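This report goes through a few features of one structure, taken in turn. Please keep the sequence and the 3D view at hand while reading.

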Amino acid sequence: MTQPGNAPLKIVVMGAADIADVPGLADYGSRFDFTCAPDGATLATALPQSEVLLGWNFRGTELADYWQHADNLKWIHWCGAGVDAVLFPELQASNVILTN
């Protein structure tokens with residue numbers, strides 16, 4: 001999966017310091033442009049232009065605080081049984097797909 005011009009798809013991994021923290025993710029490191037965002041400040045700089053967010057810390061609530069930076073986000077995959085941490089009004093009103 002690539003963006004126009006064959007640039008790899010940009011994926012933010014929220015709640016992980018390194019892709020090695022997420023089992024199996026490093027196997028895809030050459031196919032995608034992963035940016036790990038272990039905290040809110042890193043998330044704010046990683047969100048712009050990213051199309052996918054993988055919520056690794058399923059209790060993390062900082063996405064709502066930095067939503068204004070998610071200008072190109074299309075899909076959020078939230079790890080964990082529930083998505084309560086990301087059911088904030090701006091996401092609910094958006095066209096971003098949320099899966100878990």
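## Aromatic pairs

In this predicted model, the number of aromatic pairs comes to three. One of them joins Phe 32 and Phe 34 in an edge-to-face arrangement, with ring centres 5.9 Å apart and an angle of 65 degrees between the planes. The pair counts as edge-to-face because its angle is over 60 degrees.

## A pair between two loops

Another edge-to-face pair is formed by Trp 67 and Phe 88, with 5.3 Å from centre to centre and 75 degrees between the planes. Where in the chain do Trp 67 and Phe 88 lie? Trp 67 is in the loop between helix H2 (62-65) and strand E4 (75-78), while Phe 88 is in the loop between E4 and helix H3 (89-92). The pair therefore ties together parts that are 21 residues apart in sequence.

Trp 67 counts as buried, with a relative accessibility of 13%. Phe 88 counts as buried too, at 8%.

## Gly 82

The loop between E4 and H3 also holds Gly 82. Its relative accessibility is 36%, so Gly 82 counts as partly exposed.

Gly 82 and Thr 99 are 17 residues apart along the chain, and their C-alpha atoms are separated by 9.8 Å.

## Strand E1 and its partners

Strand E1 covers residues 10-14 and is mostly covered, with four of its five residues buried. Which strands pair with E1, and in what sense? Strand E2, residues 33-37, pairs with E1 in the parallel sense over five bridges. Strand E3, residues 52-55, pairs with E1 in the parallel sense as well, over four bridges.

On the E2 side, Lys 10 stands opposite Asp 33. On the E3 side, Val 13 stands opposite Leu 54.

Note on methods. Residues are numbered from 1 along each chain as its sequence is written. This is a predicted model: local features need pLDDT of at least 70, side-chain atom pairs count only at pLDDT 80 or more; totals for chains, interfaces and linings use all residues. Side-chain values use heavy atoms; hydrogens and water are left out. Rings of Phe, Tyr and Trp (its six-membered ring) pair if their centres lie within 6.5 Å; planes under 30 degrees apart count as stacked, over 60 as edge-to-face and the rest as tilted. Buried means under 20% relative accessible area, exposed over 50%, partly exposed in between (1.4 Å probe, protein chains only). Two strands pair if DSSP finds at least two bridges between them.
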